[in-house]
Amino acid sequence: PVNDCPFSMSVFAQMQPGQTWRCKCSESRMKNIGSVYGDGRYTADSNTCTAALHAGVLQAAGGEVTVHTDQGCQRFGAAAKNGVTSREWGAYATSYAFAKPLPACSN
């Protein structure tokens, strides 16, 4: 079975660029809305399930997602999408997205 997604990807101290994770966002996890930093590409400490909702790969009821890890960016932009408003953030060492190739870093 697919494991529940971690609250954020930063729980994986060994998170390396180029990894792919498959996890599920249960209904209870979907109620635990956390902060999201970025738009399409997210800081590793962004809430995994909330970011998936923002990215449009998940509905409010939850489900399974595929997470792709990468190097960080110098800047993460903010956007309001799918009922979630993400925040802007500066440089962060690691990032992830729900699509491959990963979206470009914000300018």
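Arg22 is partly exposed, with a relative accessible area of 45%. In this predicted model, Arg22 joins Glu64 in a salt bridge. The model also holds an open sheet of four strands, and helix 2 packs on that sheet. Six salt bridges are counted.

**Confidence**

- The chain has an average pLDDT of 92.
- A score of at least 70 is reached by 97% of the residues.
- Confidence is highest in strand 2, at 97.
- Confidence is lowest in helix 1 (residues 27-31), where the mean is 82.
- Where pLDDT is low, predicted coordinates should not be read in detail.

- The four strands follow the order 1-3-6-2, and their pairing is antiparallel.
- Strand 1 (20-25) and strand 2 (41-43) are the edge strands. Each of these two pairs on one side only.
- Neighbouring strands of the sheet are turned by 40° against each other on average, ignoring direction.
- Strands in a sheet pair through backbone hydrogen bonds, either parallel or antiparallel.

**Strand 3 and its partners**

- Strand 3 covers residues 63-73 and pairs with strand 1 over six bridges, in the antiparallel sense.
- Cys23 has Val65 of strand 3 as its bridge partner.
- Trp21 has Val67 of strand 3 as its bridge partner.
- Strand 3 also pairs with strand 6, again in the antiparallel sense, over five bridges.
- Here Cys73 stands opposite Tyr92, which belongs to strand 6.

**The helix on the sheet**

- Which strands does helix 2 touch? Helix 2 (residues 48-55) touches strand 1, strand 2, strand 3 and strand 6 (92-97).
- The direction of helix 2 makes about 155° with the direction of strand 2.

**Salt bridge: Glu64 and Arg22**

- The side chains of Glu64 and Arg22 meet at 3.2 Å, N to O.
- Glu64 lies in strand 3 and Arg22 in strand 1, so this pair ties together parts that are 42 residues apart in sequence.

**Salt bridge: Arg41 and Asp70**

- The closest N and O atoms of Arg41 and Asp70 are 3.1 Å apart.
- Arg41 sits in strand 2 and Asp70 in strand 3, so the pair ties together parts that are 29 residues apart in sequence.
- Arg41 has a relative accessible area of 8%. Buried means under 20%, so Arg41 counts as buried.
- Asp70 is partly exposed, at 22% relative accessibility.

**Salt bridge: Arg75 and Glu88**

- Arg75 and Glu88 form a salt bridge, with their closest N and O atoms 3.4 Å apart.
- Where do these two residues lie? Arg75 is in the loop between strand 3 and strand 4 (80-81). Glu88 is in the loop between strand 5 (84-85) and strand 6.
- The pair therefore ties together parts that are 13 residues apart in sequence.
- Arg75 is partly exposed, with 28% relative accessibility.
- Glu88 is partly exposed as well, with a relative accessible area of 47%.

Technical notes
Residues numbered from 1 in each chain as written. Predicted model: local features only at pLDDT ≥ 70, side-chain atom pairs only at ≥ 80, totals over all residues. Heavy atoms only, no water. Pairing = 2+ DSSP bridges. Axes fitted to C-alpha atoms, helices over the stretch in contact; angles between N-to-C directions. Contact = heavy atoms within 4.5 Å. Salt bridge = Lys/Arg side-chain N within 4 Å of Asp/Glu carboxyl O. Buried < 20%, exposed > 50% of the residue type's maximum accessible area, 1.4 Å probe, protein only. pLDDT = per-residue confidence, 0-100.
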